[in-house]
Amino acid sequence: METDKNLDAYQEFVKGLWRDNPVFVQVLGMCPMLAVTNSAINALVMGGATLFVLIGSSFLVASLKKWIPKQVRISLYIIIIATFVTVADYSLLALMPGVHKELGAFIPLIVANCMILGRQEAFASRHGVRFAVLDAAGMALGFTLALFALGSVREILGNGSLFNIPLFGDTFEPWVIMILPPGGFITLGLILLVFNWAAVRKQRFMQQVAEAERETL
Amino acid sequence: MNELVWIFISALLVNNFVLAYFLGLCPFLGVSGRLDTSFRLGLATTFVLVITALCAWFLNTYILIHAPYLRLISFIVVIASTVQFIEMAIKKLSPALFKALGIFLPLITTNCAILGLAIFATNRGYDLVEGLIFALGAGAGFTLAMVLMAGLREETELSDVPALMQGTALNLIIAGILSMAFMGFAGLFSST
């Protein structure tokens, strides 16, 4: 693995959390993202299931990459992912039947999360096992972070609670629209707006720094 | 008969796959820039949905009774190979249509609406006819959402939008408003 030499383990792990956040920056994996984030606990369980599937399949793909023929690689990745999703689905059914019922069809739908397939194709199939797992963990934690941010905003505004603990007392009138589908689209839109704003500000700041440096020279 | 009409209208409007279940968002946000391509993609997706409903029913009835834990794996394999097969068939039979669909055809495999349809139909225990009607309704609903979104996006391209809003953020907020409008259809069935 000649490409692994100039990789920094810490960087590969951290990039998924913020700089290349799969949801806020790459805008991938939207379907499960919006559908299950009507409460913080659902968002966390979904994030945990994705973490398990992504780390498991990245590990397997990175270790088997020498034996996977190029022509059928995508189908093989999908079968590997589907296997881990089945395991996650049945484990959740056994451990947390309540949450499993609420998430319903969206646990099996992790298979169709393009973020997971994207990591196999773009990273795990080209790097060693150690980096593949680190990258998967970073990306999945970034995904969970995004799910949790969206889920807690929607639960706080739409239900007046966080993790089912009421926050505002009896006088709070919940914004029901936030836990319904439109609230998901609009909240994510506004969060992306904040990210755009931060990116523009940073760019402007860097420009100012560059100009100031030029003037001092 | 009434039941079938209900399934169709429900999948088309009330429980629209894109705007109420968030299925198929990748093409919805990715390729809804032009009206004609979104319409064509919608039709191709509807076609794949119907074929998938047929395959899912066959698998559920004859094979998966014996091994329910293989459901997910067999569904995804069947969907991937169906799309591949349709791609080859269209290429052979109608090169013009194949050219018009272009890259969208293989992309349908990763559209979660397809797998979602197979899983929903299984969970609700639809028989063959109900499943096919459900697939038609879902496909028509997907096409409708795509076309509406593409129309709105063509409008926003002509108007003066603040630079910060451009791109996905604006599209998501438009989708939110569309979804709110579609929630109005929920009243269609409350009286019956």
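Guide: In this predicted model, the loop to look at lies between α1 (2–14) and α2 (25–30) of chain B, and Phe22(B) has its place there. Although Phe22(B) is not a glycine, its phi is positive, at about 60 degrees. Phe22(B) also counts as buried, because it has 27 C-beta neighbours inside 10 Å, where 20 or more are enough for that class.

Of the 192 residues of chain B, 42% count as buried, and Phe22(B) is itself a buried residue. If one takes the contacts in chain B between residues at least 6 apart in sequence, 81% of them join residues at least 24 apart.

Chain B also meets a partner, chain A. The contact between them takes 33 residues from chain A and 32 residues from chain B. On the side of chain A that touches chain B, at least two residues each come from α2 (30–35), α4 (73–95), α6 (114–122) and α9 (181–216) of chain A, and α9(A) gives the most, with 12 residues. Sorted by class, this side of chain A has 27 nonpolar and six polar residues, and no charged ones.

Turning to chain A as a whole, its secondary structure comes to nine helices and two strands, and from the N terminus on its elements run α-α-α-α-α-α-α-β-β-α-α. The C-alpha trace of chain A spans about 65 × 60 × 25 Å along its principal axes. Of the 217 residues of chain A, 42% count as buried, and among contacts in chain A with a separation of 6 or more, residues 24 or more positions apart account for 76%.

Two of the helices that supply residues to the side touching chain B, α4(A) and α6(A), also pack against each other, at an angle of about 130 degrees and with their axes 10 Å apart. They are therefore oblique to each other, and α4(A) passes α6(A) in a right-handed crossing. Tyr77(A), Ile78(A) and Ile81(A) of α4(A) make this contact with Ile116(A), Leu117(A) and Gln120(A) of α6(A), a group that divides into five nonpolar residues, one polar residue and no charged residue.

Another helix pair in chain A is formed by α3 (residues 40–64) and α7 (residues 129–159), whose axes come within 8 Å and cross at roughly 165 degrees. That angle makes α3(A) roughly antiparallel to α7(A), and their crossing is right-handed. By class, the contact of α3(A) with α7(A) has 21 nonpolar, eight polar and two charged residues.

Methods: Residues are numbered from 1 along each chain as its sequence is written. Chains are lettered from A and ligands numbered from 1 in the order in which they are written. This is a predicted model: local features need pLDDT of at least 70, side-chain atom pairs count only at pLDDT 80 or more; totals for chains, interfaces and linings use all residues. Two residues are in contact if their C-beta atoms, placed from the backbone, lie within 7 Å. Helices (H or I, at least four residues) and strands (E, at least two) are DSSP runs, numbered from the N terminus. Ala, Val, Leu, Ile, Met, Phe, Trp, Tyr, Cys and Pro count as nonpolar, Asp, Glu, Lys and Arg as charged, and the others, Gly among them, as polar. Axes are lines fitted to C-alpha atoms, for helices over the stretch in contact, and angles run from 0 to 180 degrees between N-to-C directions. Angles under 35 degrees count as roughly parallel, over 145 as roughly antiparallel, 65 to 115 as roughly perpendicular and the rest as oblique. A crossing is left-handed if the near helix is turned anticlockwise from the far one by less than a right angle, and right-handed if clockwise. A residue is buried if 20 or more other C-beta atoms lie within 10 Å of its own, exposed if 12 or fewer, and partly exposed in between; C-beta atoms are placed from the backbone.
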